[in-house]
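Dear colleague,

Please find below the structure that I am handing over to you. My findings follow it.

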Amino acid sequence: MPKKRIISLNHELAIVAILAFIIAVMSGVLLGALFNSLLDKHFATDEYYHQQEEKLLENLNTFISEADVTTNDWYKLNTWLERKKIVALRIYKDELLVYDSEFYKSKNSAKYENTVPQTENANEKKQAYKVIFEDGEADVIINGMYANVYYKIALVTELLIPCIIFMTIILVAVRKKVNYVIRLCDEVHIMEGGDLDYPITIKGRDELTLLAVSLDEFRMSFIYKLKEIINLQQESKALVTEMSHDMRTPMTPLLIYLGMLREKRYNSEEEMENYIIKSHDKATQLKNMSDNMFSYFLMDKDAVPIPETLNMKTVFYDQLSAMSDYLTESGFIPKVNIELAEVNINVNMDSIARIFDNIVSNILKYAEPSRPIFIKLYSENGKVIFHIGNTINALADYSASTGFGVKNIKKMMSQMSAECIISQKNNSYDTFLLFKIVSLSVNSEENVQI
C-alpha cells in the first residue's frame, strides 16, 4: 500500500476552521439578503405604513382626550412617545412648528420663530394628519420605524445562525476524530480479549492514522510471534519423536555387536576387533545424535550440518559393508552391486550414518526376510545413485509406523542438497538416494560415468 502524505491534526483543525468560517460568512450574507428581501416585501410598503400611522393617530387622539393635551404640552407628548417608541413626531399649528420630538421640549411657538418653508411644508402636508388638541386643530406628522423590531430580530438571526453553523462544523469534525479514537479503543479491547484476527480500522492520514497502522502492525507481529511459538512447539515435539526413533536405530546393532563380543561369537582376533570398532562407531553416533538434540534446544535451531566434499568410496564403502553384514546377521539376503567411480560428492557423514541406519531399521521392520534385498551403488548422469529395494512383508505390524524414518531421511538429504525418492509398487519398496557429483577425484577419471 503506497504511503500517504501525513497531515497533522493541527493543520486539519485549521483547515476545518477556515472552511467553517467561509461557510458561516456566506450563509450570513445569504440569510441577510433573504431576510431583508422578505421584510422589505412585507413591511416597506405605503399600505403598511398608512395602517400603522392610523393606529398611532387613533391612540394619540385617545391620549389627547384623556390627558387634555394641548400643542404646548411637550412633557405629556414625550411620555406618550417613549411608550410608543416613535422615532419622530412634529406638530404644526397655523403653519408654525410648535412641537418637535427631537428637541423633547418646546414651551411655545415663539421659540422656533420660523415658519416651515412652503416647499417642505407642502411636501410634509401630504403625510400630515389633522388632530384636534385642547387648544385647537393642528397638523401632525409621524415618522415611525414600525418594523424596526423585526429587522433587529432578523439581524440577530443573521449573526446567530452563522455562528451556530461555524460551531456545528467544528464540533462535527472534532466528534468524527473522537469517534475514531473510541473505535480504536474498542478494537484494542477486542485484541485484549484474545481475538487477534479482528483488524484495526485504518482511515485518514493524520497522527491517529499512524497510531492505527502501528496497532495493526503490532497485531500482525503478535500473530506471527504466536505462530512461531506454536510451530516451535510442534517442531520440538516432532524432534523429540524423530530423535527417539533415530536413537533406537543404532542402539539395536550396538547391542547385537556387544552381545556377540560378550558371548565370544567370533572366529578370530581380527573379527573381534571389527565388532569393537563397529560398536564404537555406533556409540559415537549415539553421542553425536544426543549432542545434536541438545544443540537444537539450547543453540541455533536453524543450523544445518555442514557438508564436506568426499570421495564416493570414502562415503559408501564402510557403510555398505556394515549394512550388508548386519542384514546377513539379521537373517536377510543382501544382493550388493557396487560400481565405485573416482568422483566426489558433498555429504555430511553423521547424516549418512543416520540415513543408512534408518534404511536398515525400516528393512528389519517391514521387509520380507525370505526375499533378497537388492543394494546397488553407481554413478549416472552427473549423479551418484544409491538404490536399495526389498519385498514388503505382508505380515509386518504397520500400526506402530509413524513415518518419521522416511521423513528424517528426506530432511537430511535436503540439508545436503541431495534428493530422496521413495517408490512403492505392488509389493516392492524402493529407496533412491541421489547425490550430485561436484568434482572428479585426483586419482583417476577413467571409470567415472557421467
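Against which helices do the buried residues of H1 pack? They pack against H2 and H5. Please note that this is a predicted model.

Helix H1 covers residues 9–43. Its buried residues are Ala-20, Ala-24, Ser-27, Gly-28, Leu-31, Gly-32, Leu-39 and Phe-43. At 1.5 Å a residue, the 35 residues of H1 should span 51 Å, and the end C-alpha atoms are 49 Å apart, which agrees.

Helix H3 is formed by residues 74–84, of which Leu-77, Asn-78, Trp-80 and Leu-81 are buried. Viewed down the axis of H3, these buried residues fall within an arc of 165°, so they line one face of the helix. The face turned away from that buried side carries Tyr-75, Glu-82 and Arg-83, which are exposed. The cover over the buried residues of H3 includes helix H2 (46–67) together with strands S1 (88–93), S2 (96–100) and S3 (129–133).

I also looked at one proline. Pro-199 lies in the loop between helix H5 (148–192) and helix H6 (207–262). Its relative accessible area is 46%, and Pro-199 is therefore partly exposed, since that class lies between the buried limit of under 20% and the exposed limit of over 50%. Leaving aside residues up to four places away in sequence, Pro-199 touches Glu-187, Asp-216 and Arg-219. The C-alpha atoms of Pro-199 and Met-220 are separated by 9.1 Å, the two residues being 21 residues apart along the chain.

With kind regards

Key:
Residues numbered from 1 in each chain as written. Predicted model: local features only at pLDDT ≥ 70, side-chain atom pairs only at ≥ 80, totals over all residues. Heavy atoms only, no water. Buried < 20%, exposed > 50% of the residue type's maximum accessible area, 1.4 Å probe, protein only. Helix = DSSP H or I, 4+ residues; strand = E, 2+ residues; numbered from the N terminus. Arc of directions from axis to C-beta. Contact = heavy atoms within 4.5 Å. Expected span 1.5 Å × (residues − 1).
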